[in-house]
Amino acid sequence: MSVKYALLGLLSERPKYGHQLRQEFEDKTGDVWPLNVGQVYTTLQRLERDGLVESNRADSEGSQKRFRITVAGERELAGWILTPIDLTVPPRDELVIKVLVALDVPGVDVRNVLQIHRRYVVELMQQWTRLKDDEGQYDFRLALVVDAELFRLDSVIRWLDAVDGRLKRDASEPRAASTEIPILRRRLAVRK
Amino acid sequence: MSLLELHQVSKTYGTGPNEVHAVADIDLEVDRGSLIAVMGPSGSGKSTLLTIAGSLEEPTSGEVFIDGESLQEMSHNGKARLRRRTVGYVFQEFNLLAGLTAVENVSLPLELDGVSAKKSRLAGMAVLEQLNLADRATRYPDELSGGERQRVAIARAVIGGRHLLLADEPSGALDQANGEVVMRMLLSACKTGVAAVVVTHDAQLASWADRVVFLRDGRIVDQTVAPPSAESLLQTGPQS
């Protein structure tokens with residue numbers, strides 16, 4: 001989804017060729033999300049079909065097409081940039097589901113499950129931090145991407161720590177007797 | 001030989017039913033040039049581990065070696081000398097003396113160790129220059145930002161060629177950008193041969209370390225292995 005708008009954004013500067021768009025996309029997103037050229041052309045075809053870009057073969061030598069953004073494309077791009085992204089539905093988070101499942105599986109030490117993930121995530125964070133230290137100093141856009149990833153992974157660690165804390169408290173204090181009414185309310189809230 | 005070695009270190013407070021194990025059976029080795037982070041929730045024994053490593057507190061059992069010397073066999077004066085000449089501390093609260101300027105704070109450990117005021121000041125200026133703080137030398141702590149205060153505190157911790165740096169939540173009160181500056185400074189200190197131990201509950205800070213040790217209920221339960229090069233992230237990076 002965001003590739004479509006990223007291409008529109010790149011074309012809003014000036015008309016460009018397909019291979020050029022691919023290169024610029026990778027450069028401007030810190031080389032973190034590789035994009036294959038096929039994906040670029042498929043997306044451009046769809047954008048052209050929807051009237052958001054147009055191509056002009058005549059002004060180029062060979063068979064290469066040059067693409068330019070249309071007025072409708074500019075409007076679409078401006079709308080996307082100013083519309084908040086949809087965060088209403090919680091993502092189906094595999095780690096959350098895994099921990100919830102593990103709570104009920106006999107013989108599983110949930111704190112061990114938490115630690116396995118904590119270590120794995122911290123190791124990943126070490127790699128991102130090293131990347132930021134090596135190259136992020138010179139590449140502002142890469143530093144932004146790395147920060148986003150570090151904050152995301154950091155939130156996973158915080159959640160793991162919170163689960164650890166709850167398990168500890170839960171072991172020392174008995175759980176509240178009935179949870180039925182809140183669960184009903186929660187279901188209604190999510191369905192809304 | 002590692003600069004800092006802890007062998008089976010335990011610390012117990014209280015006796016009988018009130019006995020609390022702050023840390024238990026800790027084995028830890030920190031080499032010169034490396035930065036180790038100790039991560040754990042509050043109450044997991046992180047700070048106790050640090051005060052024992054810096055000889056501010058004695059373990060109930062086990063042994064601590066700094067630069068090959070056993071702290072157990074060291075006299076009271078020997079330990080005090082070690083703390084002045086070898087070990088530098090960085091705390092969350094900076095602990096700068098309000099009535100002294102930045103350079104006076106930084107050079108204080110040398111003066112206390114008998115170095116002349118003039119020489120100490122020159123050394124203090126040199127460290128502040130190294131850490132890009134020379135233009136703040138004559139400011140008082142309350143004229144510095146939080147990040148600058150912590151950088152002055154790090155300068156004070158490494159002055160005089162001290163090569164064991166112990167930091168307790170060194171960027172606890174700072175925002176992310178300043179926390180990053182502090183960690184970069186600790187890393188550059190390590191590149192000059194310093195061994196550093198940082199205790200923190202913050203994964204972003206810990207991720208600057210060469211190795212992260214996980215502490216739970218006073219015990220080391222796990223540690224990271226050396227990460228592969230950061231380049232591998234770019235090849236396997238998330239797909240759009």
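**Exercise 1.** In this predicted model, find which residues B:Leu165 touches, leaving out those up to four places away in sequence.

*Solution.* Next, look at the largest nonpolar core, which has 83 residues. B:Leu165 is among the members that touch the most others, along with B:Ile154, B:Ala155, B:Leu186, B:Ala196, B:Val197 and B:Val198. As for who supplies this core, H7(A) has the largest share, with eight residues. Finally, there's another core lying apart from it, of 14 residues, including A:Leu7 and A:Phe67.

**Exercise 2.** Work out how H3(B) and H4(B) are oriented to each other.

*Solution.* First get the geometry: helix H3 (residues 102-112) and helix H4 (residues 117-130) of chain B pack at about 125 degrees, with axes 8 Å apart. Angles from 65 to 115 degrees would count as roughly perpendicular and those over 145 as roughly antiparallel, so H3(B) and H4(B) come out oblique. Then check the hand: their crossing is right-handed. Now for the residues that meet: H3(B) brings, among others, B:Val106 and B:Leu110, while H4(B) brings a set including B:Ala123 and B:Val127. By class, this contact has nine nonpolar, three polar and two charged residues.

**Exercise 3.** Describe the side of chain A that touches chain B.

*Solution.* Begin with the counts: 26 residues from chain A and 19 from chain B take part. On chain A, helices H1 (2-11), H6 (110-136) and H7 (140-172) each supply at least two residues. H6(A) gives the most, with 13 residues. Sorted by class, that side of chain A holds 11 nonpolar, six polar and nine charged residues.

How values were computed:
Residues numbered from 1 in each chain as written. Chains lettered and ligands numbered in written order. Predicted model: local features only at pLDDT ≥ 70, side-chain atom pairs only at ≥ 80, totals over all residues. Contact = placed C-beta atoms within 7 Å. Helix = DSSP H or I, 4+ residues; strand = E, 2+ residues; numbered from the N terminus. Nonpolar A, V, L, I, M, F, W, Y, C, P; charged D, E, K, R; others polar. Core = buried A, V, L, I, M, F, W, Y, C linked by C-beta atoms within 7 Å. Buried ≥ 20, exposed ≤ 12 C-beta atoms within 10 Å, placed from the backbone. Axes fitted to C-alpha atoms, helices over the stretch in contact; angles between N-to-C directions. Parallel < 35°, antiparallel > 145°, perpendicular 65-115°, else oblique. Left-handed = near helix turned anticlockwise from the far one by under 90°.
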